[in-house]
Amino acid sequence: MALMRIGELASAAGVSNRTVDFYTNLGLITPASRTTGGFRLYDPATVEQIATVQRLESSGMALDDIAAHLHGAAAADLAGALARLDHDLTALRALAETAGGTAHGLATTLAVRANQLLTAAAELLSTMPPP
């Protein structure tokens, strides 16, 4: 598939041109190249990167944190963070099984949320290039 201009990428990803600009400025997505006129061109795989960023954001992660994990020192430790989250999820599930009343509901809610975060992080890892 050919490289896409901002409008084409925004349309394919279901976001506005402004969102593409915003994500680009934060370093969440990167243009593949530019036209001779200076227009940014994006790889079609960027559509999935935008979807991943939106899933992480909807899971409660701040865009600045997402960018830091994608490009900072935290990116190298993402696998370790996932392992810690998985351990915490196991502990939450155990708590949900033994807790009574309100505590059970709270622990179950936290376990579901942690699972959503693990899923989003795993999806993010699958879209990242190797370090």
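Predicted model: local features only at pLDDT ≥ 70, side-chain atom pairs only at ≥ 80, totals over all residues.
Me: Is Ala107 buried or exposed?
Reply: The cut-offs are under 20% relative accessible area for buried and over 50% for exposed, with partly exposed in between (1.4 Å probe, protein chains only). Ala107 has 1% relative accessibility, so it counts as buried.

Me: What is Ala107 in contact with, leaving aside its neighbours within four places in sequence?
Reply: Contact means heavy atoms within 4.5 Å. Leu89 lies 18 residues away from Ala107 in sequence and 9.9 Å away in space, C-alpha to C-alpha. With neighbours within four places set aside, the contacts of Ala107 are Leu92, Leu95 and Ala96.

Me: Which residues have the most contacts inside the largest nonpolar core?
Reply: A nonpolar core is a set of buried Ala, Val, Leu, Ile, Met, Phe, Trp, Tyr and Cys residues joined through side-chain atoms within 4.5 Å. The largest one here has 19 residues, with helix 1 (6-13), helix 2, helix 3 (46-58) and helix 4 (63-71) each supplying at least two. A second, separate core of 5 residues includes Leu92, Ala111, Ala114 and Leu118. Back in the largest core, the residues with the most contacts are Leu9, Val20, Tyr23, Leu28, Ile29, Ile50 and Ile66.

Me: How wide an arc do the buried residues of helix 1 cover around the axis?
Reply: Ile6, Leu9, Ala10 and Ala13 are the buried ones in helix 1. They lie on the same side of that helix, because their arc, taken from the directions from the helix axis to the C-beta atoms, is only 100°.

Me: What covers those buried residues of helix 1?
Reply: Take Leu9: not counting residues up to four places away, Leu9 touches Met4, Val20, Ile29, Tyr42, Thr46, Val47 and Ile50. For the buried residues of helix 1 as a group, the cover includes helix 2, strand 2 (40-41) and helix 3.

Me: Which residues are exposed on the other side of helix 2?
Reply: Val20, Tyr23 and Thr24 are the buried residues of helix 2. Their arc around the axis is only 100°, so they share the same side of helix 2. On the other side, the exposed residues are Arg18 and Asn25.

Me: Which backbone oxygen does the side chain of Thr24 reach?
Reply: Thr24 is part of helix 2 (residues 17-26), and its 14% relative accessibility is why it counts as buried. Beyond four places in sequence, Thr24 is in contact with Ile29, Pro31, Arg40 and Tyr42. At 2.8 Å, the side chain of Thr24 reaches the backbone oxygen of Val20.

Me: At what distance is the polar contact between the side chains of Arg40 and Asp21?
Reply: Arg40, in strand 2, counts as buried because its relative accessibility is 17%. A polar contact is a pair of N or O atoms within 3.5 Å; within protein, one must be able to donate a hydrogen and the other to accept it, and residues adjacent in sequence count only if both atoms are side-chain atoms. The side chains of Arg40 and Tyr42 make one of 3.4 Å. With the side chain of Asp21, the Arg40 side chain makes a polar contact at 2.4 Å.

Definitions and conventions. Residues numbered from 1 in each chain as written. Heavy atoms only, no water. Helix = DSSP H or I, 4+ residues; strand = E, 2+ residues; numbered from the N terminus.
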